[in-house]
Amino acid sequence: MLRAKAAGVLAGQDVAGSVFRRVDPDLLFEPLQSDGDALSPGSDIARVEGSAASILRAERIALNFMQRMSGIASDTNRYVQAIDGCRARIVDTRKTAPGHRYLDKYSVRMGGGHNHRLNLADGILIKDNHIEALASREMVLKDVVELALKKASHTIKVEVEVESITGVREALDAGAHIIMLDNMPVPMMQEAMDIIGDRAVVEASGGINMASVRAVAETGVHLISIGGLTHSTQALDISLDLEFPGN
């Protein structure tokens with residue numbers, strides 16, 4: 001029996017089931033909960049029946065997937081609950097474990113969060129290093145944004161990372177679709193929101209944690225991106241307990 005040992009949100013049922021079946025196609029994997037369900041200590045998650053040797057061979061791999069995925073879902077849900085009533089969405093980043101991007105981002109969704117870009121082709125994000133590189137060609141931020149807008153497909157959004165109110169005004173004047181407020185203190189974020197209004201989508205990013213996320217959301221930003229959801233998550237404690245008939 002796969003069983004939760006801590007409170008959280010489940011993710012990874014299908015992956016765990018696939019691991020058991022890959023090790024031994026004769027194993028029977030019966031989910032007792034669905035991804036996205038709330039777990040409490042002692043919740044039965046899934047039943048696995050068949051050869052004890054096969055179950056033990058698959059145990060660690062199946063648990064590794066499910067514990068990580070459920071940890072991400074659980075952390076995400078805590079942030080979602082913390083900003084309840086605000087319009088902001090909690091979103092992830094591309095700071096995922098190598099080879100696990102689809103699973104990590106799926107887990108964020110199971111926790112009630114939303115996905116940012118899956119890869120570089122999903123949107124144009126102009127960051128500080130890009131701005132510095134193009135400054136060597138005597139291009140100011142407005143020039144960089146206008147160049148990106150000119151070259152982008154009509155289906156692609158252009159986002160600009162800014163760290164100051166001056167940057168906010170320049171990105172807004174240049175027509176950026178999304179403005180990322182990077183590592184701004186909350187009062188500066190509020191000032192930026194007063195300037196931007198609804199003329200662009202606004203994302204807050206950088207150093208946001210459980211202690212600050214509510215205050216950030218109350219500024220009126222549309223998105224709050226948190227890299228820690230996937231790059232430094234804490235696995236949810238889940239165990240597999242062997243049970244034999246008659247015991």
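Q: Which residue is the bridge partner of Glu159 in S9?
A: Strands of a sheet pair through backbone hydrogen bonds, either parallel or antiparallel. In this predicted model, Glu159 has Ile178 of S9 as its bridge partner. Strand S8 (residues 158-162) and S9 run parallel and are joined by four bridges. Two strands pair if DSSP finds at least two bridges between them. Helices (H or I, at least four residues) and strands (E, at least two) are DSSP runs, numbered from the N terminus.

Q: What are the ground rules for numbering and for the values?
A: Residues are numbered from 1 along each chain as its sequence is written, and side-chain values use heavy atoms, with hydrogens and water left out. Since the model is predicted, local features need pLDDT of at least 70 and side-chain atom pairs count only at pLDDT 80 or more, while totals for chains, interfaces and linings use all residues.

Q: Which strand is joined to S9 by five bridges?
A: Strand S10 (residues 201-205) is joined to S9 by five bridges, and the two run parallel. Within this pairing, Met180 stands opposite Glu203 in S10.

Q: What kind of unit do S9, helix H7 and S10 make?
A: A crossover is right-handed if, with the strands pointing away from the viewer, the path from the first strand over the helix to the second runs clockwise. S9, helix H7 (residues 186-196) and S10 make a right-handed β-α-β unit. S8, helix H6 (residues 165-174) and S9 make a right-handed β-α-β unit as well.

Q: Are the faces of S9 covered or open?
A: In a regular strand the side chains alternate between the two faces of the sheet. In S9, Ile178, Met180 and Asp182 lie on one side, Ile179 and Leu181 on the other, and all are buried. Buried means under 20% relative accessible area, exposed over 50%, partly exposed in between (1.4 Å probe, protein chains only). Five of the five residues of S9 (residues 178-182) are therefore classed as buried.

Q: Is Thr219 buried or exposed?
A: Thr219 is buried, at 6% relative accessible area. Thr219 is in the loop between helix H8 (213-217) and strand S11 (223-225). Leaving aside residues up to four places away in sequence, Thr219 touches Val186, Met189, Gln190 and Met193, where contact means heavy atoms within 4.5 Å. The Thr219 side chain also reaches the backbone oxygen of Val216 at 2.6 Å.

Q: In what order do the four strands of the open sheet stand?
A: The order is S3-S5-S1-S12, with antiparallel pairing. Strand S3 (28-31) and strand S12 (238-240) stand at the edges with a single partner strand each, so one side of each is left without a neighbour in the sheet. S3 pairs with strand S5 (residues 44-49) over four bridges in the antiparallel sense, and Phe29 stands opposite Val48 in S5.

Q: Which strands does helix H1 touch?
A: Helix H1 (residues 13-23) packs on the sheet and touches strand S1 (2-4), S3, S5 and S12. The buried residues of H1 include Val15, Val19 and Phe20.

Note on methods: A polar contact is a pair of N or O atoms within 3.5 Å; within protein, one must be able to donate a hydrogen and the other to accept it, and residues adjacent in sequence count only if both atoms are side-chain atoms. Axes are lines fitted to C-alpha atoms, for helices over the stretch in contact, and angles run from 0 to 180 degrees between N-to-C directions.
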